[in-house]
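Hi everyone, thanks for coming. I'd like to walk you through one model today, so please have a look at the screen.

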Amino acid sequence: MSAVSVAIATTWLLGLLMLPLLGSLLRSGVPGVRQWLDADVLLIIAMPLLLLRGRIPDFISIVVANVLIALAGVTLYAGFARFMHRPARWPRLFACVAIMALGATYWRYGVDSIPMRVVLSTGFTAAVCVAIAVVVARYRSAGRAPYLYAATTGVALIFAACQILRGSYFLSVNHVSNALTFDTTANVVLLCVGAAIMPVLLMCGMMMVHDTLLSEARDAVNRDFLTGALSREGFTSVARTLLAEADHNDAPLACLLVDLDHFKSINDTFGHTGGDQVLREFVALMRTVLRTSDALARIGGEEFAILMPDIALDRAQSLAEQLRNAATRHAVVIDGGTCTYSLSGGLAMRLPGETLDQLTVRADRALYQAKISGRNRLCIDERSPSRDA
Ligand SMILES: Nc1nc2c(ncn2[C@@H]2O[C@H](COP(=O)(O)OP(=O)(O)OP(=O)(O)O)[C@@H](O)[C@H]2O)c(=O)[nH]1
């Protein structure tokens, strides 16, 4: 068996192995997986056609096989583009495949040249690899494992370089095919690298899908689905860090609990979806007032907790008042109607060594005071340090 046949058979086997793995990721709904699966299927169909060269008509083993491989390549790229939430631009991709088809036909039936067909296919594959490297490097989502994206870009560029090297070699040899042309060590090594391109890039894609799923699962637990604020679980874990930092730096930490007033009547007037819109817009409003270092969580229906690290009571009180004023000025347009609302707040400064539960209990007591004193106001827990200072 020649080195070329071994390389083709290896790609085919790896393609088969990838199939169930990609299939298992289909139901994840992550964009790109469908295209990667299609690319793998195209590859699996194309490889035996190449292997049957001489036993089936050349048109199938050369032209059709090369077109299928080119289609697999552009579909692989489309998968990466979709994964990065970019359009696949199919008309352009099909135009590239059409050029490949014309080239393969010409270098078989116009001028029969194996080296030129190799130059054509390596050039095409190199272009696909560069396109993948560019789309992955350029459109990486923030908050995702950067090493994975860097590795995919790097691997795609290495593959492109190997293809260009192999193409250049064949460009320099005589147009007449010759077994020796293929049996050089350099060509065999580059051939093996070429055989790994699709399987390795598909593996990179699958690793990125896993990274996405893990990050979505983490978000589902730590984020409130409706407002995007931290969930109670997310808040607890962020609070643990903030409390440890406050202890370590002997720094002040403020806890503000906020509850929207008469929220039930908002729901009664504007419906539950109207109430949801108020909650979403209120969280967006809070983000414009609070500092980026403040941790904001939705801990109940219309109740929110904010931890403010490294802040004195005066400043925390002023931020809380700004928030209350912004809320009273905020008009939410719902189905043509306008909803206005107010909030009550309870503020407590952390005492040395105090746990999150102890701190929130004091803030909650202050919030209760604000509610029973008439709402739309801020109360401060009397034990908050620096109050008397
Ligand atoms: N739209 C919407 N409403 C919610 C959600 N979670 C809880 N609520 C509603 O929030 C309302 C809270 O009502 P209450 O606990 O009586 O409080 P309130 O009407 O705000 O009165 P005070 O807090 O005493 O000023 C209830 O009607 C809940 O149904 C939610 O996710 N979306």
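Before I talk about domains, a word on what I mean: the domain bounds here come from an automatic or database domain assignment. And please keep in mind that this is a predicted model.

So, which domains does the protein chain have? The assignment gives domain 1, residues 3-222, and domain 2, residues 232-380. Their centres, taken over C-alpha atoms, are 52 Å apart.

Now to the ligand. It is surrounded by 16 residues, and the closest are Asp261, Phe263, Lys264, Gly275 and Gly301. Where does the shell come from? Strand 1 (253-260) and helix 10 (263-289) each supply at least two of its residues, and helix 10 gives the largest share, with seven. If you sort the shell by class, you get seven charged, five polar and four nonpolar residues.

Let's move on to a helix pair, helix 2 (residues 33-51) and helix 3 (residues 58-83). How do we describe such a pair? Two packed helices are described by the angle between their axes and the distance between the axes. Here the axes come within 8 Å and cross at roughly 165°. Helix 2 and helix 3 are therefore roughly antiparallel, and their crossing is left-handed. As for the residues of this contact, 17 are nonpolar, four polar and two charged.

That's my tour, and I'm happy to take questions!

Definitions and conventions
Residues numbered from 1 in each chain as written. Predicted model: local features only at pLDDT ≥ 70, side-chain atom pairs only at ≥ 80, totals over all residues. Near = placed C-beta within 6 Å. Helix = DSSP H or I, 4+ residues; strand = E, 2+ residues; numbered from the N terminus. Nonpolar A, V, L, I, M, F, W, Y, C, P; charged D, E, K, R; others polar. Axes fitted to C-alpha atoms, helices over the stretch in contact; angles between N-to-C directions. Parallel < 35°, antiparallel > 145°, perpendicular 65-115°, else oblique. Left-handed = near helix turned anticlockwise from the far one by under 90°.
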